[in-house]
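Here are a few friendly notes to read alongside the model. Please keep the structure open as you go through the points.

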Amino acid sequence: YSNETSANAQTISAASEEMSSSISEISGQMTKTSKIVEQAAKMAEESGENVASLSSMVQRVSEVVVMI
């Protein structure tokens, strides 16, 4: 039983180390994903601002065209 218990303990230890490594990797990937999502949100906001600015410019050009 002693050899079997020792082998089981080693198996559990190895599995625990592997699980810990996997958790660290997942955590790192989540951090990267979070940064990418943050950048995408910022870009979407900037795009919205650009569209609003272009819309305003189009309206002004239309007003000038009407005057002419």
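1. Is Val64 buried, partly exposed or exposed? Val64 counts as partly exposed because its relative accessible area is 44%, where buried means under 20%, exposed over 50% and partly exposed in between (1.4 Å probe, protein chains only). Val64 belongs to helix α1, residues 2-67.

2. A word on the source: this is a predicted model, where local features need pLDDT of at least 70, side-chain atom pairs count only at pLDDT 80 or more, and totals for chains, interfaces and linings use all residues. Residues are numbered from 1 along each chain as its sequence is written, and side-chain values use heavy atoms, with hydrogens and water left out.

3. Two pairs show how distance builds up along the chain. Ala9 and Ile36, 27 residues apart in sequence, are 41 Å apart in space, C-alpha to C-alpha. For Tyr1 and Ala41, a sequence separation of 40 residues goes with 59 Å, again C-alpha to C-alpha.

4. Ala9, in helix α1, is partly exposed at 43% relative accessibility. Tyr1 sits in the segment before α1 and is exposed, with a relative accessible area of 86%.

5. The protein exposes about 6,300 Å², and carbon and sulfur atoms supply 60% of that (Shrake-Rupley method with a 1.4 Å probe; for residues, only the protein chains shown count as cover).

6. For charge, please note 4 positive and 9 negative side chains, with the centres of the two sets 12 Å apart. Lys and Arg count as positive and Asp and Glu as negative, while His and the chain ends are not counted; each charge is placed at NZ of Lys, CZ of Arg, CG of Asp or CD of Glu.

Technical notes. Helices (H or I, at least four residues) and strands (E, at least two) are DSSP runs, numbered from the N terminus.
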